[in-house]
Amino acid sequence: MNETFLLARRAIREVWRLPAATIPALAIPIFFFVVNLGQVTKTFPKSTPFLHGQSYAAFGLPVSLVFAVTTVTSGVAMVTDIDVGYIDKLRAAPIRRTAIVWGRLAADVVRGILISVIVLLVGIAFGARVSSGTAGVVLLLILSTAWGVAYAGIGIWIALATKNVQVTNASFLIFFPLLFLTPNFVPFDRLAPAMRAVAHVNPVSYIITGERGLILDHTIDWGSIGVAAGIIVAFGSLLTALSIRALNRFAG
Amino acid sequence: MTADVGSAAGDHAILARGLVKSYKGKRGQPGKDAVRGIDLAIDHGEVFGFLGPNGAGKTTTVRMLCTLLPITDGEAFVDGVDVRKHPAEVRKRLGVALQEAGLDMFQTGRELLTLQAGLHRVPNPAARAAQLIELVGLTDAADRSLKGYSGGMKRRLDLATALVHEPRVLFLDEPTTGLDPASRQTVWEEVRRINANGTTVFLTTQYLEEADALCERLAIIDDGELVREGTPEGLKAALGADVVTIGLEPGERDRARDALGSLDGLDHSADDDEGLALYVADGAGSIAEIVRLLAGAEISPGTVQVSRPSLDDVFLDATGHRIEGVDGHGAEADGDAESDPSATTVEVNA
């Protein structure tokens, strides 16, 4: 059996055995989703132009999807392997070392699908509809999961580069500017000029707007999906490359 | 200390020439040489011990030989393969259990072993895992999460993970540190059994008793350098027949050494943390004269202890300090004389 498959199976097993690592990732975005709805539903009724006839739940859902999959869980798992010394057992084995990174990312695929499906179901329960239909649902799940996998590289890279548990744990803070300097609450054109300028250069904005298009519009805007996919691939490739470089330079 | 490093790498299980590990200093601090030019020549099928206190460079050497740490200078071969040039090939031939049993706590013992066997491309990983579980006596715990394993169980499992592919060379870094005596015995038996099947074992230890009990040959390492190498018996025999250790007040050591210069049968003396160690032909027969000579110099020793030379005495002779108590570890601070069944100890309160 291939080493990547073996290490992926081990990492995926951990997703099931350690629900404490996944539940907060799920609970916090759902909490904010529900609380935000309570706060703004009256301010933004269905007649609000940018809601395209849906409730604010539909507008907020992509933010919650992106929020939920944006975790450093794999980074924490990696730094735990480093901290207890298990990584040395893997590094001393005759395997391609890249498999150590790929195995972790495989767990992010499973965790990403799991979390995206649950958050999507919560959104639907609160009245959101995916206007672009089944294909839109599939694309929504793929984009969310893929973004989660790409973002996981941040935690993995920081874990391998610093070998420090506290730094890796704290690296989740990076996601705050990435996630909230975006048109997460209102569209681009409703943002203050300075905020809009920042949101326009923040790549995460386009993941959110790409997903939002799938929910609010009846037709799939392949241009937006392409931009979101491109950002995910670029972001993921860069972080995976950095992680592999850190692993190759790793000298415990 | 020089080993025979002129011979071909393939003739040895482990061969190292001038092995150096240097760490660069950070923020203007001076750098540190953790290992300073070590030569090793270990034959196939040997159990070779690396004895030294904490911080001597034992683990650093093992990590370099196992491809886990870049070698700063020098060269090393494991089973004839160049560690620097062909690390991937070296990894196929070695098994390693490091000091802290580094295990993934979210797996069961069986899963961990099956994974390790799979990573080493063992034909039937599940069957190999089952075999090793039985071998290290973890049958009852095999399907439990590692979180519930005791220190001894983890160590045995770690040892088993190092054996999945029947390595040619097995590295064990302090395999029994922190274990209770019964678990220690179990690990020793396992090491002997592994070695009997033809695997070369390179083990590091800070326990003199362990080096004595397990190793055919050993090297003593202190501050990054090898200071003695040989068989445990040979190293001890080289010191002379007996060791008389005299407890002295701090200021009395030089006067005592002068006073004892004329002692019959004295080979040489060495400074001990507590006083002086005298290497003499007949320890028990020399006590009366030692006490008399000291009395002549108006020194009354706190204690006089006679023992056969232990590896600790070898260590003291080579380095000027004892290995024991270096790390303040209670278990080995008791002294080799008490744990070595071959030692005859007479304590005289003078």
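**Ground rules.** I number residues from 1 along each chain as its sequence is written, with chains lettered from A and ligands numbered from 1 in the order in which they are written. The model is predicted, and local features need pLDDT of at least 70, side-chain atom pairs count only at pLDDT 80 or more, and totals for chains, interfaces and linings use all residues.

**Entry 1: chain A overall.** I looked up the secondary structure of chain A. I found twelve helices and zero strands. Helices (H or I, at least four residues) and strands (E, at least two) are DSSP runs, numbered from the N terminus. Along the sequence the pattern reads α-α-α-α-α-α-α-α-α-α-α-α. The radius of gyration of chain A is 19 Å, close to the 18 Å from the globule rule for 252 residues, so chain A is as compact as a globular protein of that length. That radius is taken over C-alpha atoms, and the rule is 2.2 Å times the number of residues to the power 0.38. The C-alpha trace of chain A spans about 60 × 35 × 30 Å along its principal axes.

I then checked burial. Of the 252 residues of chain A, 46% count as buried. Buried means 20 or more other C-beta atoms within 10 Å of the residue's own; exposed means 12 or fewer; partly exposed is in between; C-beta atoms are placed from the backbone. For contacts in chain A with a separation of 6 or more, residues 24 or more positions apart account for 80%. Two residues are in contact if their C-beta atoms, placed from the backbone, lie within 7 Å.

**Entry 2: chain B overall.** Chain B has twelve helices and 15 strands. Residues 24 or more positions apart make up 69% of its contacts with a separation of 6 or more. The domain assignment gives domain 1 (9-230) and domain 2 (240-348) of chain B. Such bounds come from an automatic or database domain assignment. I read 35 Å between the C-alpha centres of the two domains of chain B.

**Entry 3: the core.** Which residues have the most contacts inside the largest nonpolar core? They are A:Val66, B:Ile14, B:Val78 and B:Phe171, in a core of 168 residues. Helix H7 (residues 133-162) of chain A gives the most to this core, with 15 residues. Domain 1 (9-230) and domain 2 (240-348) of chain B each supply at least three residues to this core. A nonpolar core here is a set of buried Ala, Val, Leu, Ile, Met, Phe, Trp, Tyr and Cys residues joined through C-beta atoms within 7 Å. I followed up B:Ile14. Beyond its neighbours within four places in sequence, B:Ile14 is in contact with B:Leu40, B:Ile42, B:Leu65, B:Val78, B:Val169 and B:Phe202.

**Entry 4: the A/B contact.** I counted 20 residues of chain A in contact with 21 residues of chain B. On the chain A side, H1, helix H4 (73-84) and helix H5 (86-91) each supply at least two residues. H1(A) gives the largest share of that side, five residues. The chain A side divides into ten nonpolar, two polar and eight charged residues. Ala, Val, Leu, Ile, Met, Phe, Trp, Tyr, Cys and Pro count as nonpolar, Asp, Glu, Lys and Arg as charged, and the others, Gly among them, as polar.

**Entry 5: helix H3 of chain B.** Why is H3 (residues 109-119) of chain B largely enclosed by the rest of the structure? Ten of its eleven residues are buried, so the helix is largely enclosed. Among the buried ones are B:Arg110, B:Leu112 and B:Gln116. The buried residues of H3(B) pack against helix H1 (3-17) of chain A, together with helix H4 (125-135) and helix H5 (151-161) of chain B. Just after H3(B), B:Arg121 takes a positive phi of about 55 degrees.

**Entry 6: B:Ala219.** B:Ala219 is in strand E9 (residues 217-222) of chain B. B:Ala219 is buried, with 26 other C-beta atoms within 10 Å. Not counting residues up to four places away in sequence, B:Ala219 touches B:Phe50, B:Leu226, B:Arg228 and B:Glu229.

**Entry 7: positive phi in loops.** Phi of A:His52 is near 50 degrees. A:His52 lies in the loop between helix H2 (19-40) and helix H3 (56-69) of chain A. A:His52 counts as partly exposed, with 16 C-beta neighbours inside 10 Å. Phi of B:Glu166 is near 45 degrees. B:Glu166 sits in the loop between H5 and strand E7 (169-173) of chain B.
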